[in-house]
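This report covers selected local features of one protein model. The sequence and the coordinates are shown first, and the description follows.

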Amino acid sequence: MTHETNDNSSGLQLLCDSSTSKSVNIPQLGMLFSSEEEVRAFYQSYAQNLGFGIKKQSSKKGEDGQLKYLCFGCAKEGKLVSKGNNAYNSRLSSRTNCKAKINIIVKNDGFFQITSMQLEHNHALSSTKSRHFRCYKVLDSQTKRKLELNDQAGITLSKSFKSFVVEAGGFENLSFYERKCQNYVVEARRLRLGNGDTEAINNYFCRMQSRNENFFYMIDVDDIGRIKNIFWADGRCRAAYEYFYDVTFDTTYLTNYYDMPFAPFVGVNHHGESVLLGCGLISKEDSETFIWLFKTWLTCMGGRAPQGIITDQCKAMEIAIGEVFPDSHHRLCLWHITKKIPFKFSSYANYKLIKKNLKNIVYNSLIAEECDSKWKKFIDEFNLEENDWLNSLYKIHHKWLPAFVKDKFWAGMSTSQRSETNKAEALEPPEPNAYKFILEPPPFLRRSNNTLIELKI
C-alpha cells in the first residue's frame, strides 16, 4: 500500500510505501538533473518502488550532434501484438499501450528538465514484483568479480549462486536470477583468452606495423583489462577506400577459435571485384559494440564516412549507423529479407503463388509508384492485411525495395553477401611482386578446426 506526503523542507512530493518503509520523490514539472544517467536513476527508483518497469522510449539530437530531448516511460508502452507465427498458438506480448512517461529537454546550460509527464498507468502495479522486471536485473561489479573467480577456481555456478542467496538473506533480496549469472559466466569465458594469446596478438600487430607503416589496429578492453573487440586494416585497405567508399557490413560469418563474430568491411572496385576495407572481431552484437567498431573504422579512414552502407536487419547496427554515419545512405540486405519468404509463408495453401508475386514486386518494379501499386494489390489479393512481417517491411520499404533505393549509387551491390565471401584471408599484398608465406596465425584468426590460414603480406 502506498500513500503520498509532502516534505516541507524540500518542497518535493514523496511516495511512501508502508510495506518497505521507503520513500521516493515523485516526478514533478520543472525538476532539474545534471545528466541523462541521473534522470534514469531517478525515474528507475520511482518506478521500482511503485512497481513497473521502464525503458527509454525516444530521444532526439540536434544538428550539432548533442542530445536535445529524451523520454523515459513505462515498459508496457506500445500496442498489444502477437509474438507467435501460429494463429492457433499465439503468444501475446505484455504491452498494454500504457501512456505513463516523463519528457525531458536539455537546456542551453546543460541541465535536463522535466517539461511534461503522465503518471497514470492502465495496468496493475506491484512493488513486490518489480525485481522480476528486466530493467532491474543487474549484476554489480563485485558480483561479477566473484563469479569469475569462482569459475576459474572450478566452483560450480549453482554453488556460487547459492552463496549469493545466503549472503543476501533470501531470493527476494537478490536483483538477479541464476540465468543472469550463467549468461555472464559464458560471456566471461568467451572473453578469457588462453595462455600467451594476448601477447601473440600484440606481437602479430607490431610485426605487421613494422612491415607496413600504414597498418592500423586498435584493441578495445573492458574495465579489468580483458580484450573485448579488435579492429585492423592494412595500407591497401586504407588506400582502396580513397576510391571505393561504398561499403557492405555483416557479422554473420563466424571464423575463429573463440566463436567471436568476424566483421569485415567490404567494398567494390571499378572492376566489380570485392575489396577488403578493414576487419573486426567483436565480442557482442549490440549497439555499443558496433558504435565502437564504426568509430574506430572511421578514425582509420581519416574521418571520411561511406556514401552508402548495406547491412542485415539488425536494430543494433541501425542505431550505431544513425549515430556514427548519420549522413550515409543505409540499405538493408535484399538477400536476408527474401530468404525469409519460405519460412513466413510455407504454411499457406497458395505459398508458391505468394512467393512468385512477391518476388515479382521486388525484382520487376521499375519505379516507386509501380512498386507501391503492386504491393497494395498483392496485399488485397491474398488477404494479408494482418501479416505483421509484411507490414513491418512496408514501413521500411525505402531501405530495401530496389525501386525506392535505385536513385542512390550502390556500385552494383544489393546484398551484404560480399562480406561473407571474404574468408578471413585478410590482407592482400600491396604490390604485385610482394612475397607470400604460410604461417600459423595468432589465436584470434584460428578457424574452429585449427587449420592454417594463408596470409599474403
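Directly after helix 7, G302 adopts a positive phi of about 75°. The model is predicted: local features need pLDDT of at least 70, side-chain atom pairs count only at pLDDT 80 or more, and totals for chains, interfaces and linings use all residues. Residues are numbered from 1 along each chain as its sequence is written, and side-chain values use heavy atoms, with hydrogens and water left out.

**Helix 7**

Helices (H or I, at least four residues) and strands (E, at least two) are DSSP runs, numbered from the N terminus. Helix 7 comprises residues 287–300, and its 14 residues should span 20 Å at 1.5 Å a residue. The expected span is 1.5 Å times one less than the number of residues. The end C-alpha atoms of helix 7 are 20 Å apart, which agrees with that expectation.

Buried means under 20% relative accessible area, exposed means over 50%, and partly exposed lies in between (1.4 Å probe, protein chains only). Ten of the 14 residues of helix 7 are buried, so the helix is largely enclosed by the rest of the structure. The buried residues are T289, F290, I291, W292, L293, F294, T296, W297, L298 and C300. K295, by contrast, is partly exposed, with a relative accessible area of 42%.

**Salt bridges**

Side chains of opposite charge can pair when their charged atoms come close. A salt bridge is taken here as a side-chain nitrogen of Lys or Arg within 4 Å of a carboxyl oxygen of Asp or Glu. Searching the whole structure gives ten salt bridges. Three of these pairs are listed below.

| Pair | N to O distance |
|---|---|
| K55 and E77 | 3.0 Å |
| K61 and E323 | 3.9 Å |
| K295 and E323 | 3.9 Å |

The side chains of K55 and E77 meet in a salt bridge. K55 lies in strand 5 (residues 54–61) and E77 in the loop between strand 6 and strand 7, so this pair ties together parts that are 22 residues apart in sequence. K55 is partly exposed at 24% relative accessible area, and E77 is partly exposed at 28%.

K61 and E323 also form a salt bridge. This pair links distant parts of the chain, with K61 in strand 5 and E323 in helix 8 (residues 315–324), 262 residues apart. The relative accessibility of K61 is 46%, which counts as partly exposed; E323 is partly exposed as well, at 37%.

E323 has a further salt bridge with K295. Because E323 lies in helix 8 and K295 in helix 7, the pair ties together parts that are 28 residues apart in sequence. Salt bridges with shared partners join K61, K295 and E323 into one network.

**The loop between strand 6 and strand 7**

Strand 6 covers residues 67–74 and strand 7 covers 101–106, and K79 is placed in the loop between them. K79 counts as exposed, at 64% relative accessibility. Together with K99, K101 and K395, K79 forms a patch of positive charge on the surface.

Patches are made of residues with over 30% relative accessible area and no salt bridge; like charges are joined within 9 Å, and nonpolar side chains (Val, Leu, Ile, Met, Phe, Trp, Tyr) within 5 Å. Lys and Arg count as positive and Asp and Glu as negative, while His and the chain ends are not counted. The place of a charge is taken as NZ of Lys, CZ of Arg, CG of Asp or CD of Glu. Accessible areas come from the Shrake-Rupley method with a 1.4 Å probe, and for residues only the protein chains shown count as cover.

N97 is also in the loop between strand 6 and strand 7. Although N97 is not a glycine, its phi is positive, at about 60°. N97 counts as partly exposed, at 31% relative accessibility.

N383 sits in the loop between helix 12 (368–381) and helix 13 (388–395). The phi of N383 is near 55°, a positive value in a residue other than glycine, and N383 is exposed at 61% relative accessibility.

E385 is placed in the loop between helix 12 and helix 13 and is partly exposed at 37%. D380, E385, E386 and D388 gather in a patch of negative charge on the surface.

K344 belongs to helix 10 (residues 341–345) and is partly exposed at 24% relative accessibility. The C-alpha atoms of K344 and W389 are separated by 8.0 Å, although the two residues are 45 residues apart along the chain.
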